Amino acid sequence: MTMPRLLLLLLSVLAFFLPPSSSARPKILCLHGGGGNPSGFRATIASLAAALPAFDFVFARGGYPVADGKESYLWLPDPPGGKKEPTTDPAISDASVARLDALVAAEGPFFGILGFSQGAAYVPVYLSRVAAGTFGVAITFCGYLTTTHLGVLEKVMEEKPFGNVPAVVWMGKQDTVISNDMTRAMADTFADPLVIVRKGEGHVVPYGNDPTLDEIAEFVMEAYASRPPTPSKAPTVDKPTKKPTNKNPTNKPNKKPTNEKPTEKPVGCQKVFEKKTCNKTKGCSFYNIKDAGKKYKGCYDSMGAQECKEYAGKNKKTCKSYGCKWKKKKSLCKPRWKDSGKGKE
């Protein structure tokens, strides 16, 4: 067994004993595609998250809303004069940088950064704006260089290869949205990246039983195993408290258990298949949503309060479809679990 696979096994076992968003679990910052949002992207990368069960995936939101009446966001605004007139202002996407800076400050440190499509294009952009070593791995799907924003691109070219951060660059052989040549051009900003070209796939993130998921997972684990030591104290797992003695002379339980008691969370919510079991598993919620023409139905990490309010709080039906709870009296969309927020901004 190779070291990355052994480490993945050990981290997977450890994940059973560490709560979601525990400081002891490595985190990966996730950037959705152009016109997307965190909730939809969570479903998009569900298979990848299942392949890396010991990692927490934290979902960010682009800084530029799309004026389409939907919860859609961009990392880079469209050039005012159209794509044939590229911008030259290096600060044109600073609203997105500010959102990511705030998230990294609040939720960090992060081991990895991941993006799809425009989110993948923004990975080098953000790496050019932070100190080398901020991230231990970069993962991109169907990315490209920001040639319509030359000021931003110039900064990327100045700062590449971003402290030689390990990088995996994935593309679908049949991608008709972003050509493979465009993705390879972006790959050149990294030092010796792992480039994966998947035959038979297009503009997607690998899903289901795609064998490249294991290849990506092994790459991430190898990067994690070889990461440089940090001066911070090594994380420890809290020891369980002593079991309280039963002072009830009749040996009867003090409280009658209810059906609402949550079960322990498994390595990943995606391991739960039944809706009823999913909604009773702490930190999980059952989704039934349609995003970008695709339908996502299954068990995923629960939304936080802010996400339920922003993305799912339009009405009762939408709220429930995103795995949140609808409070009828106040007409509010609330998170299923009080400590949810693994995917919060």
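Phe162 sits in the loop between H6 and S7, in what is a predicted model. Its phi is near 60°, a positive value in a residue other than glycine, and at 5% relative accessibility Phe162 counts as buried. Buried here means under 20% relative accessible area, exposed means over 50%, and partly exposed is anything in between (1.4 Å probe, protein chains only). Helices (H or I, at least four residues) and strands (E, at least two) are DSSP runs, numbered from the N terminus.

Some ground rules before the details. Residues are numbered from 1 along each chain as its sequence is written, and side-chain values use heavy atoms, with hydrogens and water left out. As this is a predicted model, local features need pLDDT of at least 70 and side-chain atom pairs count only at pLDDT 80 or more, while totals for chains, interfaces and linings use all residues.

**Loops, cis prolines and positive phi**

- Pro161 is in the loop between H6 and S7 too, and a cis peptide bond links Lys160 to Pro161, with omega about 5°.
- There's another cis bond from Gly108 to Pro109, where omega is near 5°; Pro109 belongs to the loop between helix H4 (94–107) and strand S5 (112–116).
- Asp192 has a positive phi as well, near 50°, and is a residue other than glycine.
- You'll find Asp192 in the loop between H7 and S8, and at 74% relative accessibility Asp192 counts as exposed.

**Whole chain**

- The protein chain has 11 helices and 12 strands.
- Of its 345 residues, 50% are buried.
- The chain exposes about 18500 Å², and carbon and sulfur atoms supply 54% of that area. Accessible areas come from the Shrake-Rupley method with a 1.4 Å probe; for residues, only the protein chains shown count as cover.
- Take the contacts (heavy atoms within 4.5 Å) between residues at least 6 apart in sequence: 70% of them join residues at least 24 apart.

**Confidence**

- Mean pLDDT (the predictor's confidence in each residue, from 0 to 100) is 80 for the protein chain, and 74% of the residues reach 70 or more.
- Residues 1–6 have pLDDT below 50, and beyond near neighbours in sequence this stretch has 7 contacts in the model.
- Residues 12–22 also stay under 50 in pLDDT, and for them the model has 22 contacts beyond four places in sequence.

- H7 spans residues 180–187, and Asn180, Thr183, Met186 and Ala187 are buried in it.
- Those residues cover an arc of only 120° around the axis, which puts them on the same side of H7. The arc is that of the directions from the helix axis to the C-beta atoms.
- The buried residues of H7 pack against helix H5 (118–127) along with strands S6 (137–141), S7 (167–172) and S8 (194–198).

**Cysteines**

- A disulfide is a pair of cysteine sulfur atoms within 2.5 Å, and by that rule the count is 1.
- The bond joins Cys319 to Cys333, with an S to S distance of 2.1 Å.
- Cys319 lies in helix H11 (residues 316–321) and Cys333 in strand S12 (residues 332–334), so the pair ties together parts that are 14 residues apart in sequence.
- The torsion about the S-S bond of Cys319 and Cys333 is about 90°, so this disulfide is right-handed.
- Cys319 is buried at 0% relative accessibility, and Cys333 is buried with a relative accessible area of 7%.
- Two other cysteines worth a look: Cys30 is buried at 0% relative accessibility, and Cys142 is buried with a relative accessible area of 0%.

- His149 is in the loop between S6 and helix H6 (150–159), and is buried with a relative accessible area of 2%.
- Leaving out residues up to four places away in sequence, His149 touches Leu76, Pro77, Asp78, Pro79, Pro86, Thr87 and Ile92.
- Met221 is part of helix H8 (residues 212–225) and counts as buried at 0% relative accessibility.
- The C-alpha atoms of Met221 and Leu52 are separated by 8.6 Å, though the two residues are 169 apart along the chain.
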